[in-house]
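Load the model and keep the selection tool ready. The stops follow one another below.

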Amino acid sequence: MTVDSRKKVQPKEDCEDVTKQIPPLLTSFSIEQSSTTGSEKMRLQVQIGTECVVVPCKPEDTVHTVALKSVEKLRRLRPKLPLADNYFEVRRTIGNSLLDPEDLVSDVLKDSDFIIVAATIEETEDAKEAKKQEEIDNARAELEKIDHRRRKVSFADSLAPMVLAPPTRLIILDGNSLLPEDLVRCEKGECAIQLSMEAEDRIRKARTFLEKIASEHRAVYGVTTGFGTFSNVTIPPEKLKKLQLNLIRSHATGYGEPLAPNRARMLLALRINILAKGHSGISVPNIKKMIAAFNAFCVSYVPQQGTVGCSGDLCPLAHLALGLLGEGKMWSPTTGWQPADVVLKKNNLEPLELGPKEGLALINGTQMVTALGAYTLERANNIARQADVIAALSLDVLKGTTRAYDPDIHRIRPHRGQNLSALRLRALLHSEANPSQIAESHRNCRKVQDAYTLRCVPQVHGVVHDTIEFVREIITTEMNSATDNPLVFADREEIISGGNFHGEYPAKALDYLAIAVAELAQMSERRLERLVNKELSGLPTFLTPDGGLNSGFMTVQLCAASLVSENKVLCHPSSVDSIPTSCNQEDHVSMGGFAARKALTVVEHVEAVLAMELLAACQGIEFLKPLMSTAPLHKVYTLVRSVAPPLNEDRYMKPEIDAVIEMIRENRIWETVLPHLETLEAMEELDPDALRQFTKTPTGIVQDRSIIPISDDEDSHSE
């Protein structure tokens with residue numbers, strides 16, 4: 001649950017965190033307030049970094065006085081924190097508004113308000129230089145261990161600390177309300193996280209019950225027994241902790257390139273959210289250590305390959321846990337990739353100490369496939385919306401008819417996605433409320449209908465929109481589901497083995513998502529072909545003014561075709577395959593890890609193909625000038641021209657293609673037209689005919705052919 005307008009959350013009075021040294025965090029979340037009157041004493045909830053303290057004050061105190069009291073109190077409570085004597089600024093959490101240090105507390109705050117004091121870590125220039133030199137020396141030593149061949153390395157540049165923007169949101173993890181967009185915010189580094197009080201209570205109860213079971217030496221899978229085929233082997237009490245540590249070490253056998261740190265951070269956040277449900281048996285101290293690592297942006301080295309998506313994503317989650325134990329490798333902004341124990345120490349973090357079942361609690365679940373799936377889903381949603389916009393621009397440049405988007409056509413086939421796509425096209429293309437000079441230029445051209453990639457955009461794009469919403473429901477449910485085995489039910493005092501770890505749900509959903517989203521590129525590449533083909537567009541061949549000397553967009557279309565072809569192979573469902581594992585104990589698996597990875601690759605290809613179509617459509621406009629498209633589509637053209645000028649002669653185009661791809665990934669095409677869409681869609685809601693194309697309007701069908709003179713030659717061609 002993101003703490004914003006969705007829900008008010010009263011912060012806990014005494015927040016504890018094991019983080020000993022965290023750079024300043026500016027987070028933003030809402031709380032409930034109580035009023036203060038007269039000269040009553042006030043208590044303010046003050047956050048410094050990731051630590052929270054309660055500071056009593058008087059209404060006549062200034063904000064400056066409260067800030068100094070807060071820093072002093074935290075220094076007393078956390079003496080190892082190297083805080084400076086002063087602070088940068090003070091902000092009110094609601095609205096993130098900056099507070100004037102000279103203002104009286106009673107004038108700008110209320111009792112129990114939550115404020116943020118941005119204090120600095122006291123570090124001299126000599127200390128900074130020594131720290132940097134130490135990192136350079138460590139890196140040189142590591143390289144020498146790996147390879148003794150002579151090489152030239154720029155240590156200073158490669159190890160310069162990465163500057164990350166401070167978080168702007170606080171996500172309260174309760175195990176029930178995390179959304180895909182929340183995980184994407186974690187991936188972007190926009191969020192810090194915290195455990196809800198209710199979740200902490202559930203975790204504590206489950207842990208207390210589990211420790212009771214362990215102390216009684218009952219036979220419980222994964223707690224007092226071995227794993228998988230070894231589930232019939234009873235483990236003596238003195239080796240229960242060793243059992244959990246062995247589990248993590250033995251299962252960290254992944255292959256391939258690691259997840260990028262920002263994506264590994266999504267994986268960590270999602271695993272914490274599942275543990276917050278209180279059915280895994282993790283201890284409160286260990287989950288708080290995981291939260292501290294997340295907030296310090298310290299993440300483990302997690303290879304992308306090695307999961308079959310059943311018994312959970314055992315292998316990648318074992319790598320995730322391994323780093324938190326201080327083994328393997330980890331990454332942080334100040335260290336880069338280094339041994340995990342070094343990264344933890346340099347960030348003043350403590351390694352996890354596993355008790356009974358805690359190793360199993362860390363690795364049994366579908367979080368790898370689900371985290372990547374949530375990220376892919378959000379990118380698919382962005383590209384699907386922008387595909388409607390890009391298709392509209394291509395249709396206008398190709399002088400197509402908008403009659404196929406008439407609301408009555410779609411009303412009698414009422415698929416939600418189809419009607420939504422058609423509405424967007426009507427709002428973006430020519431109407432009396434939103435005129436296009438290009439459309440006016442071919443008034444009454446007698447065009448009856450267009451090719452399918454223009455005419456059937458609502459029907460094809462529409463099912464993509466509906467698929468995305470279907471997948472969203474499954475992924476969101478999975479993100480808030482207990483997927484361990486066994487599961488701890490403290491209220492009924494039972495531990496039950498089940499199969500919630502099976503990844504078939506997200507695997508099937510992501511295979512379906514890849515198949516649906518790939519169609520956007522299929523349609524886009526065919527529209528791109530029409531744009532570069534003089535016989536189909538009436539524009540110069542390959543959209544270049546001097547064909548022969550210049551090749552123009554010739555190989556842009558070729559590249560798009562290659563990506564569409566690759567997608568056809570990638571859309572083969574990985575979830576139709578299953579290879580039994582673990583001595584046939586796990587005799588059916590989901591292959592969800594590959595379903596997630598290839599779905600993301602498909603989306604990346606679709607983004608690239610649509611960027612190429614968008615560049616081609618904007619190039620087509622150059623040959624239609626001085627005519628202009630509609631206001632929203634002209635804004636899209638202007639946005640593209642900010643990174644890619646008209647192609648008057650051949651040049652190296654890859655940087656421009658990459659820049660437009662990045663625009664699409666940042667959702668800028670959609671954001672550019674959104675205000676226009678909202679206005680025009682509201683207009684149609686008030687007047688159903690506002691965006692409708694009638695028979696005698698531009699690009700409409702002239703039903704009475706007698707009003708247009710037709711030569712004998714034209715008539716023979718029309719037959």
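Select Tyr512, which lies in helix H19, residues 504–532. Helices here are DSSP runs of H or I of at least four residues, strands are E runs of at least two, and both are numbered from the N terminus. Tyr512 is partly exposed because its relative accessibility is 37%. Buried means under 20% relative accessible area, exposed means over 50%, and partly exposed is in between, with a 1.4 Å probe and protein chains only.

This is a predicted model, where local features need pLDDT of at least 70, side-chain atom pairs count only at pLDDT 80 or more, and totals for chains, interfaces and linings use all residues. Residues are numbered from 1 along each chain as its sequence is written, and side-chain values use heavy atoms, with hydrogens and water left out.

With Tyr512 they make a nonpolar surface patch of about 270 Å². Patch residues have over 30% relative accessible area and no salt bridge; like charges are joined within 9 Å, and nonpolar side chains (Val, Leu, Ile, Met, Phe, Trp, Tyr) within 5 Å. A salt bridge is a side-chain nitrogen of Lys or Arg within 4 Å of a carboxyl oxygen of Asp or Glu. Areas come from the Shrake-Rupley method with a 1.4 Å probe, and for residues only the protein chains shown count as cover.

Next, select strands S1 (residues 42–48) and S2 (residues 51–57). S1 and S2 run antiparallel and are joined by seven bridges. Strands pair if DSSP finds at least two bridges between them. Pick Arg43: its bridge partner in S2 is Pro56. Then pick Ile48, which stands opposite Glu51 of S2. Six of the seven residues of S1 are buried. In S2, six of seven are buried too.

Move to helix H6, residues 197–215. Which residues of H6 are buried? They are Ala199, Glu200, Ile203, Ala206, Arg207, Phe209, Leu210, Ile213 and Ala214. An α-helix has 3.6 residues a turn, so residues three or four places apart point the same way. After H6 comes His217, with a positive phi near 60°.

Now show S9, S11 and S12. These three strands form an open antiparallel sheet in the order S9-S11-S12. S9 (299–300) and S12 (336–339) are at the edges; each has a single partner strand, so one side of each lacks a neighbour in the sheet. Four bridges link S11 (residues 329–332) to S12. Trp331 has Trp337 of S12 as its bridge partner.

Select Cys310 and Cys315. Cys310 is buried at 5% relative accessible area, and Cys315 is buried at 6%. The disulfide count is zero, a disulfide being a pair of cysteine sulfur atoms within 2.5 Å.

Finish with the backbone. Most residues other than glycine have a negative phi, and most peptide bonds are trans.

- Asn485 and Pro486 are joined by a cis peptide bond, omega about -5°. Pro486 is in the loop between H18 (457–479) and S13 (487–489).
- Lys625 and Pro626 are joined by a cis peptide bond, omega about 15°.
- Lys357 has a positive phi near 70°. Lys357 is buried, at 0% relative accessibility.
- Leu543 has a positive phi near 55°. Leu543 is buried, with a relative accessible area of 0%.
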